[in-house]
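Hi there,

Here is the structure I promised to pass on to you. Have a look at it first, and then read on for what turned up.

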Amino acid sequence: MDLADLTRELEELQAQALLAVDEAADAAALDAIELDVLGKKGRLTGVLRGIGSLPPEDRPRVGAVANAVRGAIDSALAERGAALRSSELRTRLVREAVDVTTPGRPIRRGTLHPINETIAEIAAIFGQFGFVVYEGPEIEDDVRNFQMLNIPPDHPARDLWDTLYVDVEGHLLRTHTSPGQIRVMHQEQPPIRALLPGRCFRYEAIDASHASEFFQVEGLMVDEGTTMADLKGLLDQFAKAMYGADKRTRFRPGYYPFTEPSVAFDVECVVCGGSGCPACSRSGWMTILGAGMVHPVVLQYGGLDPERYQGFAFGMGVERIANLRHSVGDLRLYMENDLRFLGQFR
Ligand code: PHE
């Protein structure tokens, strides 16, 4: 082997390596070429083993050629590597591209349950008169649900509420939101203006107009010098806000053990306008709530001095109001959670 042979072998090695680099399809192929040609046991080292048989003065020249070959292959590897990386990136970008102009899939919006929507409307109206929303528990004790509301055990007035009892001594599912009156009086000092929405329970045979679960909104105002005229003015404003400024209203005598005097509050029929129709049993009036002046005994149970404070309270059934707002004829619809029904309210 002389200088010319070795040089030719090196040049051939370079030519083959450059061709292979050119044709390499990915980074792994480049790594294989690098190892095969430039690696410790690679072909370049193999060729250079022949250097020992050359005369000493030729050796540096072969060394120079070998360095040039190594340099050329190295930079070809680097260049091809960079090119492969950028085309891999481009392919990936194309593959993973998101078309931001595609219209989105519409998200179905939820709606308020008509009962919640009605409660919100009631609260908004009374909110304008300074009433603040409170809540009491659905499981009450007999004391607050009845006794502190002037309904002693075994009193015949208990027949007004068909009660569901809980398997814990002295507890029941509240039959009305009125026990909330006691809770608010224990918690706040007058002047009190409280609104208490909530779910109530009664033992009922269920049909289109009877439910064992229903909602009420309770109102309580306690202050010095509160009168029946304040109650009537407030309720009249409520009816006008809810059903129209032209609606007439009236009080009729009523009975509740916890209010004295007690009244039923009527609004001119919202269906026929007062001329008489099936919805108002041809009377021209609809009863929308019960109310009255808080009984002095109840104020006392609430920890307030009835000589100093007077109050009024009212309680209304939310389903009845929602029925009129949305022309719903069957109470059971409110509890079934059928989206075909619920989706009709916005
Ligand atoms: N709690 C009564 C009912 O359930 C309604 C009511 C509340 C009446 C407040 C007067 C005062 O029928």
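Which element gives the most to the shell around the ligand? That is β9, with three residues. Please keep in mind while you browse that this is a predicted model.

The ligand is surrounded by 15 residues, and the closest are His176, Ser178, Arg202, Gln216 and Glu218. Sorted by class, the shell around the ligand holds six nonpolar, seven polar and two charged residues.

- Ser178: an N or O atom of the side chain is 2.8 Å from a nitrogen atom of the ligand.
- Gln216: a polar side-chain atom lies 3.0 Å from an oxygen atom of the ligand.

As for the surface, the ligand taken alone exposes 320 Å², and the protein buries 92% of that. The space that the ligand takes up is the largest pocket. Two or more residues of the shell around the ligand come from each of these elements: β5 (213-223), β8 (285-294) and β9 (310-317).

Now to the chain as a whole. How many Å separate the centres of domain 1 and domain 2? Taken over C-alpha atoms, the separation is 93 Å. The domain assignment places domain 1 at 3-95 and domain 2 at 114-342.

Pro190 and Pro191 are joined by a cis peptide bond, with omega near 5 degrees. Pro191 itself sits in the loop that runs between α7 (179-187) and β4 (192-201). The peptide bond from Glu260 to Pro261 is also cis, and its omega is about -5 degrees. In this case the proline, Pro261, belongs to strand β7 (residues 259-268).

Then there is Asn150, a residue other than glycine with a positive phi, near 70 degrees. You will find Asn150 in the loop between α6 (142-145) and β3 (171-173).

Conventions: Residues numbered from 1 in each chain as written. Predicted model: local features only at pLDDT ≥ 70, side-chain atom pairs only at ≥ 80, totals over all residues. Heavy atoms only, no water. Near = heavy atom within 4 Å. Polar contact = N/O pair within 3.5 Å; in protein donor to acceptor, adjacent residues only side chain to side chain. Areas by Shrake-Rupley, 256 points an atom, 1.4 Å probe, with all protein chains shown as cover. 1 Å grid on protein atoms, 1.4 Å probe; cavity = no way out; pocket = protein on both sides within 12 Å on 5 of 7 lines; lining within 4 Å. Sits in = over half its atoms within 2 Å of the grid points. Helix = DSSP H or I, 4+ residues; strand = E, 2+ residues; numbered from the N terminus. Nonpolar A, V, L, I, M, F, W, Y, C, P; charged D, E, K, R; others polar. Domains from an automatic or database assignment.
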